[in-house]
Amino acid sequence: MIILASNSVRRIELLKDAGVDFKVIPSNVVEVIDEKLKPEDNAMNLAFLKANDVFNRNPGDLVIAADTIVTLNNRIFGKPKDEEEAFEMLKTLSNKRHEVITGVAILYRDRKDVFYSKSTVKFKDLTDEQINDYIATKEPFGKAGAYAIQGIGKSIVDTFEGDFFTIVGLPLKDVLKRIKEIEAI
Ligand SMILES: Cc1cn([C@H]2C[C@H](O)[C@@H](COP(=O)(O)OP(=O)(O)OP(=O)(O)O)O2)c(=O)[nH]c1=O
């Protein structure tokens, strides 16, 4: 059985749309970012912790987990805790190009496949009013970097480069390739 260790509606929908048969068991991991580590390592470590937590309770299954972070100039942007933090994040990201990194962990038997995928997003030059209007939609909450490119956040994004699904929270092509490899064993 394949388990997606996630609470994220986006991840669940992406995997469902890809036709994968799986069940959802969210992890109980409390996400803590270690500013001393590289963003890529933070994303991979958190993905591993989430997957491992569920794998330990379901050792016979194939467990997938992911973690998405936004990063600019060595700073890591997680999920904003309140409106003030969301404003500060969006203001800082305004008119700049940042990276979105999604770490993924796929655990099966003695296999531990942990990797990341990176895309780039450039925000429009946002006025304070635009930022406040966007925060008022509540969409920034629960999203790394305080926005969702797949939602209303599309209107604050100028351009992006790389894999779209990596920004939304799951590099689908990479994940499907690895699942197929494991199923072929
Ligand atoms: C940048 C960006 C992030 N996000 C979301 C994806 C993730 O759900 C979230 C980052 O938080 P995560 O900690 O990666 O995931 P989560 O807590 O939502 O879910 P779980 O740990 O249970 O799997 O940000 C978008 O939906 N769109 C975007 O454009």
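Me: Where is I152 found?

Reply: I152 sits in the loop between α4 and β7; helices here are DSSP runs of H or I with at least four residues, strands are E runs of at least two, and both are numbered from the N terminus. Bear in mind that this is a predicted model, where local features need pLDDT of at least 70 and side-chain atom pairs count only at pLDDT 80 or more, while totals for chains, interfaces and linings use all residues. Residue numbers start from 1 along each chain as its sequence is written.

Me: Why is I152 called partly exposed?

Reply: A residue is buried with 20 or more other C-beta atoms within 10 Å of its own, exposed with 12 or fewer, and partly exposed in between, with C-beta atoms placed from the backbone. I152 has 15 other C-beta atoms within 10 Å, so it lands in the in-between class.

Me: What is I152 in contact with, leaving aside its neighbours within four places in sequence?

Reply: The partners are Y134, T137 and E139. Contact means that the two C-beta atoms, placed from the backbone, lie within 7 Å.

Me: How do you know whether D67 is buried or exposed?

Reply: Count the neighbours: D67 has 28 C-beta neighbours inside 10 Å, so D67 counts as buried. D67 is placed in strand β3, and beyond four places in sequence D67 is in contact with A43, L46, A47, K50, T102 and G103. UniProt puts an "active site" feature at D67, in an unreviewed entry. Its positions are given in the numbering used here, feature names are shortened, and such annotations may be inferred rather than shown by experiment.

Me: Which residues are closest to the ligand?

Reply: S6, N7, S8, I149 and G169 are the closest among 26 residues surrounding the ligand. Two or more shell residues come from each of α1 (9–17), β3 (62–72) and α5 (164–168), and β3 contributes the most, four. To count as near, a residue needs its C-beta atom, placed from the backbone, within 6 Å of the molecule or strand.

Me: How many nonpolar, polar and charged residues does that shell have?

Reply: The shell has ten nonpolar, nine polar and seven charged residues. Nonpolar covers Ala, Val, Leu, Ile, Met, Phe, Trp, Tyr, Cys and Pro; charged covers Asp, Glu, Lys and Arg; the others, Gly among them, are polar.

Me: What makes something a nonpolar core?

Reply: It's a set of buried Ala, Val, Leu, Ile, Met, Phe, Trp, Tyr and Cys residues joined through C-beta atoms within 7 Å. The largest one here has 50 residues, of which A47, A51, V63 and A65 touch the most other members. Helix α2 (residues 39–57) supplies the largest share of this core, eight residues. Nonpolar side chains tend to be buried together in soluble globular proteins.

Me: Why are M1 and F164 called exposed?

Reply: M1 has 10 other C-beta atoms within 10 Å, so it qualifies as exposed. F164, in helix α5, has 12, which means it is exposed too. M1 still touches K23 and D61, not counting residues up to four places away in sequence.

Me: And why is the chain called as compact as a globular protein of that length?

Reply: The chain has six helices and seven strands. Its radius of gyration is 16 Å, close to the 16 Å that the globule rule gives for 185 residues, so the chain is as compact as a globular protein of that length. That radius is taken over C-alpha atoms, and the rule is 2.2 Å times the number of residues to the power 0.38.
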